Amino acid sequence: MKKWISVLLSLCMVLAMAGCAGGAGASQPSSAQEETFEAQQAVQTEAPAPAEAPAETPGPEQTEPEFRIAGLKGPTTMGMVKLMKDGEEGKTAHKYQVEMFGTPDEIVPLLKKGELDMAAVPANLAANLYQKLEGQVQAAAINTLGVLYVVSTGQDIHSIQDLAGRTVYSTGKGTTPEYVMNYLLEKNGLDPSKDLTLEYKSEATEVLATLKNAEKGAVAVLPQPYVTAAQMQVEGLEPVLDLTEEWNKVSPDSALVTGVLLVRKEVAEQKKEAFESFLSEYKNSIEWVNANVPEAAQLVAEYGIVAKAPIAEKALPACNITCIAGGEMKEKLSGYLAALFEQEPKAVGGKLPADDFYYGA
């Protein structure tokens, strides 16, 4: 009797497998039995899962970020690297999604569409966006002061006046570097169109190529970290003038500002507590970067802001990374934008931003 029961059970199992497999399993009953056993075991193991609420609850890595932030591959984002690392390790008060971009042009449309909450951008671009977006963005903090330097393979330049009669190579025709140079030259009694030759190149790499082939004593204006990279390739090249210091001499109430942290106004208003928490962590990150240059350089390279850590380590102390907010930010940034406006109104969007542009001021 037991024998017949075993035979019947085996036959039922084979027929069941044949039905599921469309007849294919009938010729291999032993294999079919093994697969059936494995399937049963799998069902028994997985079946309770839907009832376990914790398994359905998303972990931190699955939750939506509190803020979506854009950074540029340059000094304006270097101060954020500790914050980025802490965020990845779950050490920040909120989750932040930071995305890196090569040019500001990639960031602008995302801000316009509300796909970003914040962005580290050039100061004059922030003013332009304030006008284009009808006051819907605010400058939350200055994150980078001047990164422009006059470099030379000679040692006879000690002031802006010493540029008279020379040819100076630079990038940025029609942009901030030109406006800054013209402002400083005029404040030092030089006419940019008569007293020297400003020869503009399309890219910093083109300026570097020119310096390589130029005679000793060639002069150029370059930003960090290109200055550090150029020093490694051009023998005897040294920074001879820090344009941030030169700016402070002629305009002590303002500052030469490279970058700011821009925030959408509705984000700052609707998530005020979280945003204030972010600003605190952002400031701490910048302070850590300035105090821990070798470690910060490793993170700068890790996030692709600068290609190599040794270059980042040499460049960081000269990048003037800072965190200036509130009334001091307004004083320094408004003075800088006024100087640009004096040179070219279009540089800041046609008119100067109103007071509501300056968050917390």
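Of the 361 residues of the protein chain in this predicted model, 48% count as buried. The chain contains 16 helices and 11 strands. Among its contacts with a separation of 6 or more, 79% are accounted for by residues 24 or more positions apart.

Leu148 lies in strand S5 and, with a relative accessible area of 10%, is buried, because the cut-off for burial is under 20%. Leu148 and Leu222 are separated by 74 residues in sequence, yet their C-alpha atoms are 5.6 Å apart in space. When residues up to four places away in sequence are not counted, Leu148 touches Pro177, Val180, Val221, Leu222, Pro223, Asp242, Leu243 and Thr244. Two of these residues, Val180 and Leu243, also take part in the contact between helices H8 and H11.

Thr153 is placed in the loop between strand S5 (148-152) and strand S6 (167-171). Its relative accessibility is 7%, and Thr153 therefore counts as buried. A polar atom of the Thr153 side chain lies 3.3 Å from the backbone nitrogen of Ala218. Ala218 is also among the residues that Thr153 touches, the others being Glu215, Lys216, Gly217, Val234, Glu235, Gly236 and Leu237, with residues up to four places away in sequence not counted.

Packing between helices was examined next. Two packed helices are described by the angle between their axes and the distance between the axes. For helix H8 (residues 176-187) and helix H11 (residues 243-250), the angle is about 45° and the axes are 10 Å apart. H8 and H11 are therefore oblique to each other, and H8 passes H11 in a left-handed crossing. On the H8 side, the contact is made by Val180, Met181, Tyr183, Leu184 and Lys187, and H11 contributes Leu243, Glu246, Trp247 and Val250. By class, 7 residues of this contact are nonpolar and 2 are charged, with no polar residues.

Just after H5, Gly90 adopts a positive phi of about 70°.

Terms used:
Residues are numbered from 1 along each chain as its sequence is written. This is a predicted model: local features need pLDDT of at least 70, side-chain atom pairs count only at pLDDT 80 or more; totals for chains, interfaces and linings use all residues. Side-chain values use heavy atoms; hydrogens and water are left out. Axes are lines fitted to C-alpha atoms, for helices over the stretch in contact, and angles run from 0 to 180 degrees between N-to-C directions. Helices (H or I, at least four residues) and strands (E, at least two) are DSSP runs, numbered from the N terminus. Angles under 35 degrees count as roughly parallel, over 145 as roughly antiparallel, 65 to 115 as roughly perpendicular and the rest as oblique. A crossing is left-handed if the near helix is turned anticlockwise from the far one by less than a right angle, and right-handed if clockwise. Contact means heavy atoms within 4.5 Å. Ala, Val, Leu, Ile, Met, Phe, Trp, Tyr, Cys and Pro count as nonpolar, Asp, Glu, Lys and Arg as charged, and the others, Gly among them, as polar. Buried means under 20% relative accessible area, exposed over 50%, partly exposed in between (1.4 Å probe, protein chains only). A polar contact is a pair of N or O atoms within 3.5 Å; within protein, one must be able to donate a hydrogen and the other to accept it, and residues adjacent in sequence count only if both atoms are side-chain atoms.
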